Amino acid sequence: MTVFSAYSDDDILADLTARVQDGTVTTDPTILKKQSFNPNASGGESGLARAFVEVQSVADIQGVLAVARKYHIPVVPQTTATSTVVGSDGIDGAIILSTRRLNQILEISKEDSVAVVQPGVVNGDLDQEARKQGLFYAPDPGSKLFSSIGGNVATNAGGMSTVRYGATKDNVLGLKAVLSDGRTVTLGGRTLKQAFGYDLTQLFVGSEGTLGIVYEITVKLMPIPLGKSIMGLAFFEDMAALAQGVTAIRMSGVYPTMLEALDGNTVIALDRYEKTHYADNSGAMLIFRLDGSSDDNVQVLEDLLAKYHGQHVQVTADADEQAQLEQLRRDMLPAVFAGQNHLMEDMAMPLSQLAPMMDYIQQVGQDLGLKIYTAGHAGDGNVHPSFVWPQDQPEVSAAVLEALRRIFRKTLELGGTISGEHAVGMMKNQWNNPELGDNVDYLQHQIKTLFDPMNLLNPKRKID
């Protein structure tokens with residue numbers, strides 16, 4: 001079919017460049033390829049963008065969206081591009097709108113216990129600055145040292161301390177965004193309570209850039225707890241036994257800050273990576289942390305570990321040793337993925353179903369002849385089964401795909417969700433109907449159409 005375009009690529013790029021006054025527009029092929037294809041993503045479709053725009057003002061954002069509307073061009077919002085679900089990769093002919101230069105901490109208020117930041121601020125940098133004033137920013141995804149607050153908001157990122165402090169959505173009070181038609185909106189604010197109107201702030205958290213471009217975020221900060229902080233390790237026969245112990249600890253009233261689980265396969269990989277010998281102890285490892293705890297709380301924890309057959313328990317209050325344990329947890333993925341293609345999944349379970357899910361994942365691996373590496377944030381029921389295969393085999397095997405189908409279906413059967421903290425992107429957008437049902441699936445599309453009637457903002461991500 002012959003298509004007569006009304007505008008040439010040169011026309012479009014000239015208009016785009018004229019409208020982006022403060023930021024930069026590039027069409028360099030090397031940069032476009034780098035920004036369009038994210039090595040963190042676990043496969044899936046993506047395409048080569050026509051332009052990469054680093055905005056530095058609200059006017060720049062409005063200019064990009066005006067061009068998108070005029071020429072019917074998709075816009076892919078991006079900050080540090082650390083999505084693992086093909087959520088911010090390029091689309092053929094799209095404009096990638098990067099907010100990574102909007103990276104200023106605008107305010108830290110000790111009196112209000114809030115910070116106001118731009119989306120490009122790195123999570124760990126905000127936390128470090130807050131700690132200088134006796135506060136801290138609680139959400140701590142595994143990508144804490146390099147992922148941005150904007151990306152965390154887009155995906156509703158969780159992390160190791162979610163068990164005590166919640167995910168990103170529990171720590172966002174307000175935000176400012178540019179809608180697809182160029183209007184700016186201020187949602188929420190800096191109050192800890194707010195009951196006026198519909199909660200559009202929370203609608204934007206986790207929306208993956210499909211409803212608007214966020215350019216300012218107000219988040220809660222917490223005072224650094226008084227009292228001692230302890231961390232430690234305990235080992236269990238298997239992940240199901242560990243899950244039972246975690247449930248008891250979770251309900252004991254000691255309010256753990258971290259309850260991280262690693263199965264036997266993962267511990268073996270970590271030993272290989274770290275030159276340690278943790279796998280000699282048992283089939284699963286629990287890394288735990290209590291902040292601001294009394295001696296009584298520590299004793300309750302140790303008693304519960306003993307009751308649920310936790311072995312080789314190690315506890316430390318030394319800051320350096322705690323840092324080593326935190327790094328041990330952060331090294332888990334590099335240890336598992338080293339030199340291999342990989343795919344890590346992300347389900348969240350009701351706490352009562354965590355142990356059955358652990359057993360089921362192990363059974364799926366046995367049935368399909370796969371070595372599955374299972375870890376996760378056990379304290380909030382978040383499970384991360386990972387699959388690896390040789391680098392010279394780029395395609396995901398049929399066995400891995402079948403394992404994922406079985407695990408996803410079992411997750412839904414047990415009342416869980418197939419996306420706990422990594423969002424949906426294009427990896428899981430075909431599962432909207434099985435997870436949400438007909439009515440809610442349709443409602444999601446109605447909401448998208450209301451905010452983005454031309455379907456320009458990150459199309460096919462979040463919902464298909």
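**Helix packing and a few residues**

Modeller: Happy to, and here is a first point: helix α1 and helix α3 cross in a right-handed way. Keep in mind that this is a predicted model.

Colleague: At what angle do α1 and α3 pack, and how far apart are their axes?

Modeller: The angle between α1 (residues 9-19) and α3 (residues 58-71) is about 155°, and the axes are 8 Å apart. Angles over 145 degrees count as roughly antiparallel, so α1 is roughly antiparallel to α3.

Colleague: Which residues make the contact?

Modeller: From α1 you have Asp-11, Ile-12, Asp-15, Leu-16 and Arg-19. On the α3 side they are Ala-59, Asp-60, Gly-63, Val-64, Ala-66, Val-67, Lys-70 and Tyr-71.

Colleague: And how does the contact of α1 with α3 split by class?

Modeller: There are 7 nonpolar, 1 polar and 5 charged residues in it.

Colleague: Let's move on to α13. How do α13 and α14 cross?

Modeller: Helix α13 (residues 354-368) and helix α14 (residues 398-413) have axes that come within 10 Å and cross at roughly 155°. That makes α13 roughly antiparallel to α14, and the crossing is right-handed.

Colleague: What about α8 and α13, how do their axes cross?

Modeller: The axes of α8 (residues 239-250) and α13 come within 8 Å, with a crossing of roughly 170°. So α8 is roughly antiparallel to α13. Met-239, Ala-240, Ala-243 and Gln-244 of α8 meet Leu-354, Ala-355, Met-358 and Asp-359 of α13. Those residues divide into 6 nonpolar, 1 polar and 1 charged.

Colleague: Switching to α9 now. Which of its residues are buried?

Modeller: In α9 (residues 264-274), the buried ones are Gly-264, Thr-266, Val-267, Ala-269, Leu-270 and Asp-271.

Colleague: And what covers the buried residues of α9?

Modeller: The cover includes strands β13 (258-263), β14 (284-293) and β18 (373-377), along with helices α11 (319-330) and α12 (332-337).

Colleague: Is Lys-275 buried or exposed?

Modeller: Exposed: its relative accessible area is 68%, and the cut-off for exposed is over 50%.

Colleague: And Asn-458, what is its phi, and is Asn-458 buried or exposed?

Modeller: Asn-458 also has a positive phi, near 45°. Asn-458 lies in the segment after α16 (438-451), and at 1% relative accessibility it counts as buried.

Colleague: Two threonines next. Where is Thr-316, and what does its side chain make a polar contact with?

Modeller: Thr-316 is found in strand β15 (residues 311-316). Its side chain makes a polar contact with the side chain of Glu-321, at 2.4 Å. Thr-316 is buried, with 12% relative accessible area. Beyond its neighbours within four places in sequence, Thr-316 is in contact with Ser-229, Ile-230, Met-231, Glu-321, Gln-322 and Leu-325.

Colleague: What does the side chain of Thr-26 reach?

Modeller: The backbone nitrogen of Asp-28, at 3.2 Å. Thr-26 lies in strand β1 (residues 24-26). Leaving aside residues within four places in sequence, Thr-26 is in contact with Ile-31, Leu-32, Ala-51 and Phe-52.

Colleague: Last one: where is Ala-138, and is Ala-138 buried or exposed?

Modeller: Ala-138 lies in the loop between β7 (135-136) and α5 (149-155). Ala-138 counts as buried at 4% relative accessibility. Not counting residues up to four places away in sequence, Ala-138 touches Ser-161, Tyr-165 and Asn-171.

How values were computed. Residues are numbered from 1 along each chain as its sequence is written. This is a predicted model: local features need pLDDT of at least 70, side-chain atom pairs count only at pLDDT 80 or more; totals for chains, interfaces and linings use all residues. Side-chain values use heavy atoms; hydrogens and water are left out. Axes are lines fitted to C-alpha atoms, for helices over the stretch in contact, and angles run from 0 to 180 degrees between N-to-C directions. Helices (H or I, at least four residues) and strands (E, at least two) are DSSP runs, numbered from the N terminus. Angles under 35 degrees count as roughly parallel, over 145 as roughly antiparallel, 65 to 115 as roughly perpendicular and the rest as oblique. A crossing is left-handed if the near helix is turned anticlockwise from the far one by less than a right angle, and right-handed if clockwise. Buried means under 20% relative accessible area, exposed over 50%, partly exposed in between (1.4 Å probe, protein chains only). A polar contact is a pair of N or O atoms within 3.5 Å; within protein, one must be able to donate a hydrogen and the other to accept it, and residues adjacent in sequence count only if both atoms are side-chain atoms. Contact means heavy atoms within 4.5 Å. Ala, Val, Leu, Ile, Met, Phe, Trp, Tyr, Cys and Pro count as nonpolar, Asp, Glu, Lys and Arg as charged, and the others, Gly among them, as polar.
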